[in-house]
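Here is a short briefing to read beside the model.

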Amino acid sequence: MSGRADGAAGSDSSTGGGIGGIGGGGVRLLPSDPPGGRKAVAVWGIGVAVYFVAITYRTSLGVAGLDAAHRFHINASALSTFSILQLLVYAGMQIPVGLLVDRLGAKKVLTIGVVLYTAGQFGFAFSDSYGMALGSRALLGCGDAMTFISVLRLGSRWFPARRGPMIAQIAALVGMAGNLISTLVLARLLHTFGWTTTFAGSALGGIAVLVLLLLFLKDHPEGFAPPPAPREHSGAASIRGQITSAWREPGTRLGMWVHFTTQFPAMVFLLLWGLPFLVEAQGLSRGTAGELLTLVVLSNMAVGLVYGQIIARHHAARLPLALGTVAATALVWALTLCWPAAHAPMALLVVLCVVLGACGPASMIGFDFARPANPPERQGTASGIVNMGGFTASMTTLLAVGVLLDATGDNYRIAFASVFVLEALGISQILRLRRRAARRERERLVVSRVEAVHVPA
């Protein structure tokens, strides 16, 4: 019975409550709804700390791109290969990781992830060849891929379902704080202590969170263990069926395309090409460019809190927020790239970075479409499908920008025009799926009401 009640609660998470007794205003929780509280915050906080360190490692190349090009004697295309390979591994791992989380639980998957990304960061620190550095970034990407879906799973197991949108946004916000560490701290350490000391020292953070994870993290509160999966649900046919069932839900596919369309402009900017664009194309100093990258992160953190509150209270705001963010991003990028002078004014660059900061929170809306579309036993798989979207778009754009820069003699205006192609593709898919997903979600919501009413006290 608890599995059915969880399904009802999961269907309410995107609506902000009011269905099945889990709404705000002092309405009682379902018997199967986790109570939250301080212990939930502490345990979930360990998972978020693991994700924080992963983001620090993932984005460390964003402030070291020019240093990496000099260290390994590579051009723009080869430099972009670092991030492309890392994201290729990340995106390719999402569905397998989702399946692992659904079957093994968050703690085991997070443990594997920490070991892998810490080894990758150590390897990158001591890399003295391009090939070795590539292998290290691939290992890092593999470990990184295991973190966010696991943190989402922890949140759904430790907190009431109505907190789902806000919990996801806070996790992303803390992850962006890891990006802040990269832009503020690692950049300075790299300039002061050099490549090996900086990257090896940062890898110690992975060891620290691994200890916390092994000692204190639990998959779920006492008395809220999910029912064991039947034996017949563990074979290859079952795995294929689980992936197929998640993919057939219009809400899962809509969530993936929302993630695809919203995330990549900021990801490409922060992960690799933002610093070279600001320094080489806009004529800024590295210090000023670093401050603008920091502004993207700060904007992300602030907008994430706002979006989380809005979506938790207003179910219908999801798509307008996502599409509005895409429109604002496209407009400001177009103004920046088409500015008639050689360099865009600083005020416009500031606006660009503030708007790019909204891309991360907008991408989280994708999970708010997939969550109510899938039962609890498919949440990890569905989240993996959604998470593939933005990273596939980011990987494609990173490659396109690098190739176009080499082909055009470092013409950033032409190279960054590739952003508009992927945004147009994503918007067309969102508009195609939105009505089908809304109709299916209404159907599931009616079922959830009936099931929640019949949950025994």
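At what angle do helix α11 and helix α15 pack? The angle is about 170 degrees, and the axes are 7 Å apart. This is a predicted model, in which local features need pLDDT of at least 70, side-chain atom pairs count only at pLDDT 80 or more, and totals for chains, interfaces and linings use all residues. Residues are numbered from 1 along each chain as its sequence is written, and side-chain values use heavy atoms, with hydrogens and water left out.

**Helix packing**

- Helix α11 covers residues 250-281 and helix α15 residues 359-370; helices are DSSP runs (H or I, at least four residues) numbered from the N terminus.
- Axes are lines fitted to C-alpha atoms, for helices over the stretch in contact, and angles run from 0 to 180 degrees between N-to-C directions.
- The α11 and α15 helices are therefore roughly antiparallel (an angle over 145 degrees).
- Contact (heavy atoms within 4.5 Å) involves residues including Gly251, Leu254 and Val258 of α11 and Ala362, Ile365 and Phe369 of α15.
- This α11–α15 contact has 10 nonpolar, 8 polar and no charged residues (Ala, Val, Leu, Ile, Met, Phe, Trp, Tyr, Cys and Pro count as nonpolar, Asp, Glu, Lys and Arg as charged, and the others, Gly among them, as polar).
- Helix α8 (residues 164-193) packs with helix α12 (residues 286-313) at about 175 degrees, their axes 9 Å apart, so α8 and α12 are roughly antiparallel.
- The contact of α8 with α12 divides into 16 nonpolar, 8 polar and no charged residues.

**Salt bridges**

- The structure has 8 salt bridges (a side-chain nitrogen of Lys or Arg within 4 Å of a carboxyl oxygen of Asp or Glu).
- One of them joins Asp144 and Arg58, with the closest N and O atoms 2.6 Å apart.
- That pair links distant parts of the chain, with Asp144 in helix α6 (residues 130-144) and Arg58 in helix α2 (residues 38-59), 86 residues apart.

**Around Phe216**

- Phe216 lies in helix α9, and Leu204 is found in helix α9 (residues 195-216).
- Leaving aside neighbours within four places in sequence, Phe216 contacts Val43 and Ile46.
- The C-alpha atoms of Phe216 and Val43 are 7.0 Å apart, although 173 residues separate the two along the chain.

Methods: Helices (H or I, at least four residues) and strands (E, at least two) are DSSP runs, numbered from the N terminus. Angles under 35 degrees count as roughly parallel, over 145 as roughly antiparallel, 65 to 115 as roughly perpendicular and the rest as oblique.
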